[in-house]
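Good morning, colleagues. Please look at the sequence and the structure together as I go through them.

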Amino acid sequence: EEKYYPAICKALTKAVVKKHFKGICFGPVERYELPNLWALNFVLHKTLGGGGTVSLKHDAQGKTLSSAMIRLMIDVPPSLVARKHSARPAKRTKR
């Protein structure tokens with residue numbers, strides 16, 4: 001949703017993503033913003049050992065990396081957290 005995009009952009013920096021992929025990303029991380037899609041695209045250099053078509057680390061479409069990215073936890077501003085309203089049972093009246 002559009003309202004979350006600024007918070008995601010603020011939280012998902014190149015440094016945060018690089019740290020998340022520590023041990024498999026041996027090059028720089030590039031970040032491309034796609035505000036019309038409310039998305040970010042990250043390029044993790046020196047991660048697949050030569051690229052998806054020549055690497056023994058099979059992840060040609062980045063599906064494994066995207067699944068790992070979903071596990072990255074970020075802080076969400078309180079203003080974006082949905083507040084649950086207490087569900088009060090309806091009062092019953094005698095008829």
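I begin with Arg31, which forms a salt bridge with Glu33, their closest N and O atoms lying 2.4 Å apart. A salt bridge here is a side-chain nitrogen of Lys or Arg within 4 Å of a carboxyl oxygen of Asp or Glu. The search of the whole structure finds one salt bridge. Arg31 counts as partly exposed because its relative accessibility is 22%; buried means under 20% relative accessible area, exposed over 50%, and partly exposed in between, with a 1.4 Å probe and protein chains only.

This is a predicted model: local features need pLDDT of at least 70, side-chain atom pairs count only at pLDDT 80 or more, and totals for chains, interfaces and linings use all residues. Residues are numbered from 1 along each chain as its sequence is written, and side-chain values use heavy atoms, with hydrogens and water left out.

Which residues make up the largest nonpolar core? There are ten: Leu12, Val17, Phe21, Cys25, Val29, Phe42, Leu44, Leu65, Met69 and Leu72. Such a core is a set of buried Ala, Val, Leu, Ile, Met, Phe, Trp, Tyr and Cys residues joined through side-chain atoms within 4.5 Å. Met69 touches Leu12, Val17, His20, Phe21 and Phe42, leaving aside residues up to four places away in sequence; contact means heavy atoms within 4.5 Å.

Finally, Val76 is partly exposed, with a relative accessible area of 45%. Val76 and Ala11 are 65 residues apart in sequence, yet 8.5 Å apart in space, C-alpha to C-alpha.
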